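Me: I'm new to this one and would like to learn how to read it. Could you walk me through a few features, please?

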Amino acid sequence: MVQSHLYNAIEAAVHAGSIIMDIYENENFEIEIKPDDSPVTIADKKASEYIEQALKSTNIPVISEEGEHSSYEIRKHWSQCWCVDPLDGTREFIKRNGEFTVNIALIDNDKPILGIIYIPVTKTLYFAITAEKKAFKLELETHQITTEIVQNATEIFPEEKNDVVKITSSRSYTNAQVYDLIARLKAEHKKVTLVKAGSSIKFCLIAEGKATSYPRYAPTMEWDTAAGQAICNAVGIEVYSLETDKPLKYNKKNLLNPWFIVRKIG
């Protein structure tokens, strides 16, 4: 069943990516500002509508950044739900730097068990079923996907051991706490590099060994992290709350995440 959910979600993410790219390449889109001061565009809304419709056949409820959110009194009874960010990195989309993604995760009893991240500009797909302990990457030629194409994906691996600490951080802003961490590591005579990237691409960089740590000292929501956490979990990487030192949980009463760090388990 999880395998069929994976393919449904991959198909939804890739097609949503095609919708986003039509707008990205062909339209002068209007930008609205939401109550939390974050931007939203017609691409966010159209991608969200498509994904929610595409996932209806699974009969699993959806928590989407741009959708209507059920109250916690309803959600707390859900054993499973989809957690969707139809366009993660709207600021990057507006800047037209290409570093935005479609994120879809399946949550089971507060844990992400399946994750898909699609980068529409490069047509790059990352996906994993966490229990299988493997994650995969696929570079598509078009925004079209079939089961045969999915089966040709390449397995990815995190970095095993390196003398250099590769910290990844937001493309749009890197706050003082990240620079303080880098300074502390350098004071310990460690070699440190900073790899900047937009949206959930930072999780992908760690899962495929291009970065080793992602500290986040700024607000994020569950849909920003769920897919990345599932992919990272599949390769032995965890997303730890900086408040509890335990993995982030999902479908909480408050959908806001605590500050966190992504690093190897243990």
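**Salt bridges and a cavity**

Reply: Let's start with a pair: lysine 166 forms a salt bridge with glutamate 159, and their closest N and O atoms are 3.0 Å apart. Before going on, note that this is a predicted model, where local features need pLDDT of at least 70, side-chain atom pairs count only at pLDDT 80 or more, and totals for chains, interfaces and linings use all residues. Residues are numbered from 1 along each chain as its sequence is written, and side-chain values use heavy atoms, with hydrogens and water left out.

Me: What is a salt bridge, and how many does the count come to?

Reply: Side chains of opposite charge can pair when their charged atoms come close. The rule here asks for a side-chain nitrogen of Lys or Arg within 4 Å of a carboxyl oxygen of Asp or Glu. By that rule the count comes to 14 salt bridges.

Me: Are lysine 166 and glutamate 159 buried or exposed?

Reply: Both lysine 166 and glutamate 159 are buried. Buried means under 20% relative accessible area, exposed means over 50%, and partly exposed is in between (1.4 Å probe, protein chains only).

Me: Which parts of the chain does the pair of glutamate 32 and lysine 45 link?

Reply: Those two side chains meet in a salt bridge at 2.8 Å, N to O. The pair links distant parts of the chain, 13 residues apart: glutamate 32 is in strand E1 (residues 31-33) and lysine 45 in helix H2 (residues 42-54). Helices (H or I, at least four residues) and strands (E, at least two) are DSSP runs, numbered from the N terminus. Glutamate 32 is partly exposed, at 42% relative accessible area, and lysine 45 is partly exposed too, at 29%.

Me: Which residues are linked in a network of salt bridges?

Reply: That network links Lys137, Glu139, Glu208 and Lys210.

Me: How do I read a cavity, and what is the volume of the largest cavity?

Reply: On a 1 Å grid over the protein atoms alone, a cavity is a set of points where a 1.4 Å probe fits but cannot get out, and lining residues have an atom within 4 Å of a point. Grid points are joined across faces, edges and corners, and a volume is the space filled by probe spheres set on the points. The structure holds one cavity of 30 Å³ or more, and the largest cavity has a volume of about 60 Å³.

Me: Which element gives the largest share of its lining?

Reply: That is E12, with three residues. The lining includes Ser169, Tyr214 and Arg216.

Terms used: On a 1 Å grid over the protein atoms alone, a cavity is a set of points where a 1.4 Å probe fits but cannot get out, and a pocket is an open set with protein on both sides within 12 Å along at least five of seven lines; lining residues have an atom within 4 Å of a point.
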